[in-house]
Amino acid sequence: MNVTVITIIMFVSMMALLITGRQVFLIVGAVATISAIALWGTGGIMMPHFNAIGMIYWDVMLSFPAFIFMGYMLARSGMADALYEMIYKWMGGIKGGLGMGSIGICALIGAVQGTCVSGQVAMGLIALPSMLKRNYDKRIVTGLMQVGGGLGPVTPPILAFVLYGSLAEVP
């Protein structure tokens, strides 16, 4: 079978399964497993197992739960709320100071958690009610959260850079 035909079949089957609403990791895993069995026969049966075991023993994977735990602790401990209140007291007198501080805090949380979405969600829960209470426009507040969340992935250390550094064998 041609590589192009195999790629098209895998893509179409993945799109069809994504429409069902199942979890993405299950769909990708199922398509990969079925394709491996179809391409390599019985040799492809154990490939998912060996890949999963190899991922368990990969040292880089230790950083992923650590980033998630740091973000969880930051949100649950109330530290993010206290940090936001500090920024409000420092920059509250400047016009637009609360918005600038929100961008900074959102970028900081995104960098600590290693992803951009987590910073946006955390600041959406923390900053959104506080800024709306202080008569900020909804569109401006949501734009500020998007900007701040976009800064998280470019602030090291992030999960993508940790993974890339390991794969490229650079510190």
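Biologist: How much space lies in the second largest pocket?

Modeller: This is a predicted model, where local features need pLDDT of at least 70 and side-chain atom pairs pLDDT 80 or more, while totals for chains, interfaces and linings use all residues. Residues are numbered from 1 along each chain, and side-chain values use heavy atoms, without hydrogens or water. A pocket here is an open set of points on a 1 Å grid over the protein atoms alone, where a 1.4 Å probe fits, with protein on both sides within 12 Å along at least five of seven lines. Taking volume as the space filled by probe spheres set on the points, the second largest pocket comes to about 210 Å³.

Biologist: Which element gives the most to its lining?

Modeller: Lining residues have an atom within 4 Å of a point, and 12 residues qualify, with Ile-9, Met-10, Ile-34, Ser-35 and Ala-38 nearest the centre. Giving two or more residues each are helix 1 and helix 2, both DSSP runs (H or I, at least four residues). The top contributor, with 6 residues, is helix 2.

Biologist: Are helix 1 and helix 2 roughly parallel or roughly antiparallel?

Modeller: The axes, lines fitted to C-alpha atoms over the stretch in contact, come within 10 Å and cross at roughly 150°, on a 0 to 180 degree scale between N-to-C directions. Angles under 35 degrees count as roughly parallel, over 145 as roughly antiparallel, 65 to 115 as roughly perpendicular and the rest as oblique. Helix 1 and helix 2 are therefore roughly antiparallel.
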